[in-house]
Amino acid sequence: MFLTAVEHKAAELVRAAEAQYLHGRAYGGDDPKGGDITVPGGMFTYQIVVRYERVYVIQITYLGF
């Protein structure tokens with residue numbers, strides 16, 4: 001259940017990044033600051049790299065709550 005929640009939130013991040021940065025490869029600014037997202041059972045850390053059109057999940061932490 002925990003990994004399903006992480007996958008769901010990561011997919012939401014991808015959709016939001018696609019909508020906000022329509023022309024990713026042509027983007028000339030700095031990449032947005034990454035962050036932490038809490039999901040039931042733990043959290044994960046992510047980073048968006050606009051020019052590569054990628055959302056990276058850097059760390060997944062399972063806390064078991």
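What you have is a predicted model, in which local features need pLDDT of at least 70, side-chain atom pairs count only at pLDDT 80 or more, and totals for chains, interfaces and linings use all residues. Residues are numbered from 1 along each chain as its sequence is written, and side-chain values use heavy atoms, with hydrogens and water left out.

Let's start with the overall layout. The protein has one helix and three strands, and along the sequence they come in the pattern α-β-β-β. Helices (H or I, at least four residues) and strands (E, at least two) are taken as DSSP runs and numbered from the N terminus. Laid along the principal axes, the C-alpha atoms fill a box of roughly 40 × 15 × 15 Å. Of the 65 residues, 31% count as buried, where buried means under 20% relative accessible area, exposed means over 50%, and partly exposed is in between, using a 1.4 Å probe and protein chains only.

Now the helix. The structure holds one salt bridge, defined as a side-chain nitrogen of Lys or Arg within 4 Å of a carboxyl oxygen of Asp or Glu. The partners are K9 and E12, with 3.8 Å from N to O. K9 and E12 sit three residues apart in helix α1, so about one helical turn separates them. Are these two buried, exposed or in between? K9 has 31% relative accessibility and therefore counts as partly exposed, and E12, at 32%, is partly exposed too.

On to the strands. They make an open sheet of three strands in the order β1-β2-β3, with antiparallel pairing; two strands pair if DSSP finds at least two bridges between them. Because β1 and β3 stand at the edges with a single partner strand each, one side of each has no neighbour in the sheet. From one strand to the next the twist averages 25°, with axes as lines fitted to C-alpha atoms (for helices over the stretch in contact) and angles running from 0 to 180 degrees between N-to-C directions.

Take the β1 and β2 pair next. Strand β1 covers residues 35-39 and is joined to β2 by five bridges, running antiparallel. G35 stands opposite Y46 in β2, while V39 has G42 as its bridge partner. The hairpin of β1 and β2 has two residues between the strands, and G41 there takes a positive phi near 105°. As for β2, this strand is mostly covered, with six of its eight residues buried.

The β2 and β3 pair is also antiparallel, over eight bridges. In β3, V55 is the bridge partner of I48, and R54 is the partner of V49. This hairpin has four residues between its strands. Which residue in the turn has a positive phi? That's E53, at about 55°, and E53 is a residue other than glycine. E53 lies in the loop between β2 and β3 and, with 44% relative accessibility, counts as partly exposed.

E53 also turns up in the lining of the largest pocket, along with V14, A17, E18, Y21, L22, G24, I48, V49, V50, R54 and V55. Two or more lining residues come from each of α1 (2-20), β2 (42-49) and β3 (54-62), and α1 gives the most, with three residues.

A word on how the pocket is found. Rolling a probe the size of a water molecule over the atoms shows where empty space is left. On a 1 Å grid over the protein atoms alone, a cavity is a set of points where a 1.4 Å probe fits but cannot get out, whereas a pocket is an open set with protein on both sides within 12 Å along at least five of seven lines; lining residues have an atom within 4 Å of a point.

The largest pocket holds about 200 Å³ of space, a volume being the space filled by probe spheres set on grid points that are joined across faces, edges and corners. Its lining divides into eight nonpolar, one polar and three charged residues. Here Ala, Val, Leu, Ile, Met, Phe, Trp, Tyr, Cys and Pro count as nonpolar, Asp, Glu, Lys and Arg as charged, and the others, Gly among them, as polar.
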